[in-house]
Amino acid sequence: MQRHFRYGKIRPMNILLTSSGRRTYLVDYFQKALGDEGLVFAANSQRSPALLKADGSVITPLIYADEYIPFLLSYCREKSIDLVVPLFDIDLPVLAAAKEKFAAIGTKVAVSDPQTVALCNDKSAMCRKLRELNIGCPESSVSVEDTLRKVSGGSMRFPLMVKPRFGMGSIGVDEAEEEAELSLLHERCQRKIRRSYLKYEAMACPGEEVLLQEKRPGEEYGLDVINDFDGNYVTTIVKRKAAMRAGETDEATTLGEGDEGYDELMNVGRKIALGFHHLGNMDVDVIMDKTDGIPYVIDMNARFGGGYPFSHAAGVDLPKAYVLWAKGKKAGTELLTAIPHVHAYKDIAVEIYR
């Protein structure tokens, strides 16, 4: 339903969420952050629930289509969009490369620079960068042959995670418990990549599009590593995951000072923020290894992730901070401080298109 406001002398601020999909909660969060000072628009390449919740919506060309960026630029002009917030990993490199085109029409894109986006989307490059920053990342390889050599030499061990190098949403993820499974699961992952949108980024490394990674035993945590729009570190929100569904956090608890592992995970977040210099939120998945007590980063997404709602449920309001930063203002610490020990669940709702 279209919201109607009386702006008075206040110039409205309009926001566009691209690749919005099912993230209806983010539409709601940004609408509340704007209040009566602007509208939230949603874009997606096909009909999706978020389009129903937004103040306005549009079906876009596919992300890798030549007309995608020209289409968005035209839409941003038409709707006087001030801030674009991409919500999908495939969208990030395309929008990062076009930031100057959007800036030329007065639209800011809340996305990191192309180099940072590339490091996060490529899990092999991500691990190399993390090790440079002295942050734990499980031993990994991009070929079966190299993996077996490492297993023989003792630097890797089964079980091994088999997953797309440029993956998301648990597409193509399997676990190989022994050598006999490894080649079969590797080939199956390659087929799933070729049949999905993951094929586009995978084209950059044919034959090395699958990541084979040692599985670390331990509890999984989610971090929201928050920088401002100038890339300055602000804070890290730490959550212990209790359940996952289709690659997204389904249940989690926020942690605070004095909780086991909290200081180590806060330090991981700070190192990532200072080492990657990303813009806005960095969604990070970490395993706290129960054998050596070391936190190992297993995934990073330079955007709002599926675990952010658990930070929001604990009092964090990152969408409001985005609104303030886009206006050139500061966000108070009260907006980005989580109440510890808030345990929350995701729910399922049904929306009807009319």
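**Cysteines and helix pairs**

A: Start with one cysteine: at 1% relative accessibility, Cys120 counts as buried. Bear in mind that this is a predicted model.

Q: How many disulfides does the structure hold?

A: The structure holds 1 disulfide. Cys127 and Cys137 are its partners, with an S to S distance of 2.2 Å.

Q: Which parts does the pair tie together?

A: Cys127 belongs to helix α7, residues 123-132, while Cys137 sits in the loop between α7 and β6 (140-141), so the bond links parts that are 10 residues apart in sequence.

Q: Are Cys127 and Cys137 buried or exposed?

A: Buried means under 20% relative accessible area. Cys127 has 1% relative accessibility and therefore counts as buried. Cys137, with 5%, counts as buried too.

Q: Now the helices. What describes two packed helices?

A: The angle between their axes and the distance between the axes. For helix α6 (residues 114-121) and α7, the angle is about 105 degrees and the axes are 5 Å apart. Angles of 65 to 115 degrees count as roughly perpendicular, so α6 is roughly perpendicular to α7.

Q: Which residues make the contact of α6 with α7?

A: Leu119, Cys120 and Asn121 on α6 meet Lys123, Ala125, Met126 and Lys129 on α7. By class, the contact of α6 with α7 has 4 nonpolar, 1 polar and 2 charged residues.

Q: At what angle do helix α8 and helix α9 pack?

A: At about 160 degrees, with 11 Å between the axes of α8 (residues 144-153) and α9 (residues 179-194). Angles over 145 degrees count as roughly antiparallel, so α8 is roughly antiparallel to α9. The crossing of α8 past α9 is right-handed.

Q: Which residues make the contact of α8 and α9?

A: Val144, Thr147 and Leu148 contribute from α8, and Glu179, Leu182, Ser183 and His186 from α9. The contact of α8 with α9 divides into 3 nonpolar, 3 polar and 1 charged residue.

How values were computed. Residues numbered from 1 in each chain as written. Predicted model: local features only at pLDDT ≥ 70, side-chain atom pairs only at ≥ 80, totals over all residues. Heavy atoms only, no water. Disulfide = S-S within 2.5 Å. Helix = DSSP H or I, 4+ residues; strand = E, 2+ residues; numbered from the N terminus. Buried < 20%, exposed > 50% of the residue type's maximum accessible area, 1.4 Å probe, protein only. Axes fitted to C-alpha atoms, helices over the stretch in contact; angles between N-to-C directions. Parallel < 35°, antiparallel > 145°, perpendicular 65-115°, else oblique. Left-handed = near helix turned anticlockwise from the far one by under 90°. Contact = heavy atoms within 4.5 Å. Nonpolar A, V, L, I, M, F, W, Y, C, P; charged D, E, K, R; others polar.
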